[in-house]
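Please read the points below alongside the sequence and the coordinates.

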Amino acid sequence: MKQLKAILIALLFIALLGGAYAWFFVWNKPQQNIKQASAISINATDLFNAYSLNEAEANKTYIDKVVAVTGEVSNVGTNSEGKTVVLLKSDDLMFGVNCTLEEAAPIKNGETITLKGLCTGFLTDVVLIRCYKIDDAKVQL
Amino acid sequence: MKKTVFFIALLLLTAYSLHAQDLQLTRNGQISFFSSTPVEDIKASNNEVSSVLNTKTGSLQFVVLIKGFQFRKAAMQDHFNRKEYLDSDKFPKSEFKGTVSDISKVNFKKDGTYPVTVEGNLTLHGVSNKIKVPGTITVKAGKISAASKFTIKLADYNITVPAIVSSKIAESVEITVNCNYEPYQPKS
């Protein structure tokens with residue numbers, strides 16, 4: 001009887017430890033690795049048009065997804081956290097794809113580049129966060 | 001194209017007369033929030049806030065994407081977006097529409113930090129509430145920025161915190177807004 005009790009206590013202890021470990025693991029899992037994730041490739045104009053035509057439908061395809069967007073840079077700036085922000089042109093006069101870069105990269109107005117990042121939805125522009133500039137050679141459109 | 005026409009129409013509606021130089025825009029404003037309890041501090045920020053300020057009429061708007069709030073821990077971010085909390089699949093955006101009620105106190109031609117009062121409707125989690133909060137408008141070398149810090153009660157926006165985690169999430173969260181505006185320059 002005593003032995004059974006000891007075994008039960010030991011089992012309970014192991015289960016608790018396992019539970020704590022699982023909880024710790026889940027709670028501290030890292031953010032998604034954007035750099036290594038596979039991406040949906042699209043050009044900035046097509047992405048913007050998909051959103052301005054039907055936002056709900058576009059969200060089904062792109063929101064929370066890693067997207068590699070190719071387009072012409074129309075503005076480069078810095079946000080209040082010191083991160084580089086790049087606006088990619090669409091065929092709209094004012095709006096396009098607003099990308100916040102995770103790591104700085106030399107980017108100039110007028111050049112055509114590809115940025116890979118996480119799509120969070122549509123305001124006046126399509127918004128991409130945690131972006132990385134990727135080499136043209138790696139992009140297959 | 002359609003979006004621009006809509007946007008300009010909206011601006012025309014909100015401003016009695018449209019003078020391009022009166023409009024200040026940003027698409028990279030910052031909104032962050034902070035919830036503090038003895039057990040856990042939770043902080044998240046969003047740096048892709050869209051905002052329009054009309055320096056003449058004081059009309060002020062903000063829109064932000066809920067999924068764009070970034071947390072230190074991925075698990076916190078998952079929880080935040082879930083049905084039980086912000087339900088960002090159903091309510092992807094939060095917005096504020098209102099006015100700086102004492103915009104006339106701000107001299108946009110003179111450098112300085114001007115305390116102002118902002119009133120309007122804040123929509124979050126599909127619930128709209130009238131709010132009145134303090135803020136500042138700063139003019140520096142022709143550049144305009146706006147800042148505000150205020151608290152909201154989660155219950156006012158139908159966000160109920162499950163009892164099991166109530167020790168970790170405060171009933172009221174502190175919201176901080178920071179926007180550096182650029183003058184609206186229409187392209188012809």
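How much area do chain B and chain A bury between them, and what share of it lies on carbon and sulfur atoms? In this predicted model, the two chains bury about 3,100 Å² between them, with 55% of that area on carbon and sulfur atoms.

**Interface between chain B and chain A**

- The contact involves 33 residues of chain B and 31 residues of chain A.
- Four salt bridges are found across the interface of chain B and chain A.
- The same interface holds 13 residue pairs in polar contact, counting pairs in which both residues have pLDDT 80 or more.
- On the side of chain B that touches chain A, two or more residues come from each of helix 1 (2-14), strand 1 (23-36), strand 2 (41-54), strand 3 (59-65), strand 4 (70-71) and helix 2 (74-81) of chain B.
- Helix 2 of chain B contributes the most to this side, with six residues.
- By residue class, the side of chain B that touches chain A comprises eleven nonpolar, eleven polar and eleven charged residues.

**Salt bridges**

- Over all chains, a search of the whole structure finds 13 salt bridges.
- Within chain A, Glu72(A) and Lys89(A) form a salt bridge, with their closest N and O atoms 3.3 Å apart.
- Because Glu72(A) lies in strand 2 (residues 66-78) of chain A and Lys89(A) in strand 3 (residues 84-89) of chain A, this pair ties together parts that are 17 residues apart in sequence.
- Both partners are partly exposed: Glu72(A) has a relative accessible area of 32%, and Lys89(A) has one of 38%.
- A pair that crosses between chains runs from Asp125(A), in the loop between strand 5 (112-122) and strand 6 (126-134) of chain A, to Arg27(B) in strand 1 of chain B.
- Asp125(A) and Arg27(B) form a salt bridge whose closest N and O atoms are 2.7 Å apart.
- Asp125(A) counts as buried because its relative accessibility is 2%, and buried means under 20%.
- Within chain B, Lys105(B) forms a salt bridge with Asp102(B), and the closest N and O atoms are 3.2 Å apart.
- Asp102(B) is also buried, at a relative accessible area of 15%.
- A network of salt bridges links Asp64(A), Lys67(B) and Asp89(B).

**Helix 2 of chain B**

- Helix 2 of chain B is largely enclosed by the rest of the structure, because six of its eight residues are buried.
- The buried residues of this helix are Ala74(B), Ala75(B), Met76(B), Gln77(B), Phe80(B) and Asn81(B).
- These buried residues pack against helix 1 (2-27) of chain A, together with strand 1, strand 2 and strand 4 of chain B.

- Ser51(B) is a residue of strand 2 of chain B.
- Ser51(B) is buried, and its relative accessible area is 3%.
- Which residue makes a polar contact with the side chain of Ser51(B)? The partner is Tyr181(B), whose side chain makes this contact at 2.7 Å.
- With neighbours within four places in sequence left aside, Ser51(B) is in contact with Gln24(B), Leu25(B), Thr26(B), Leu60(B), Gln61(B), Phe62(B), Cys179(B) and Tyr181(B).
- Ser51(B) and Phe62(B) are eleven residues apart along the chain, and their C-alpha atoms are separated by 4.4 Å.

**Organisation of the chains**

- Chain B contains two helices and ten strands.
- Along the sequence, the elements of chain B follow the pattern α-β-β-β-β-α-β-β-β-β-β-β.
- Of the 188 residues in chain B, 49% are buried.
- Among contacts in chain B between residues at least 6 apart in sequence, 59% join residues at least 24 apart.
- For chain A, the domain assignment gives domain 1 (1-30) and domain 2 (40-138).
- The centres of domain 1 and domain 2 of chain A, taken over C-alpha atoms, are separated by 46 Å.

Terms used:
Residues numbered from 1 in each chain as written. Chains lettered and ligands numbered in written order. Predicted model: local features only at pLDDT ≥ 70, side-chain atom pairs only at ≥ 80, totals over all residues. Heavy atoms only, no water. Domains from an automatic or database assignment. Contact = heavy atoms within 4.5 Å. Buried area = accessible area lost by both parts, 1.4 Å probe. Salt bridge = Lys/Arg side-chain N within 4 Å of Asp/Glu carboxyl O. Polar contact = N/O pair within 3.5 Å; in protein donor to acceptor, adjacent residues only side chain to side chain. Helix = DSSP H or I, 4+ residues; strand = E, 2+ residues; numbered from the N terminus. Nonpolar A, V, L, I, M, F, W, Y, C, P; charged D, E, K, R; others polar. Buried < 20%, exposed > 50% of the residue type's maximum accessible area, 1.4 Å probe, protein only.
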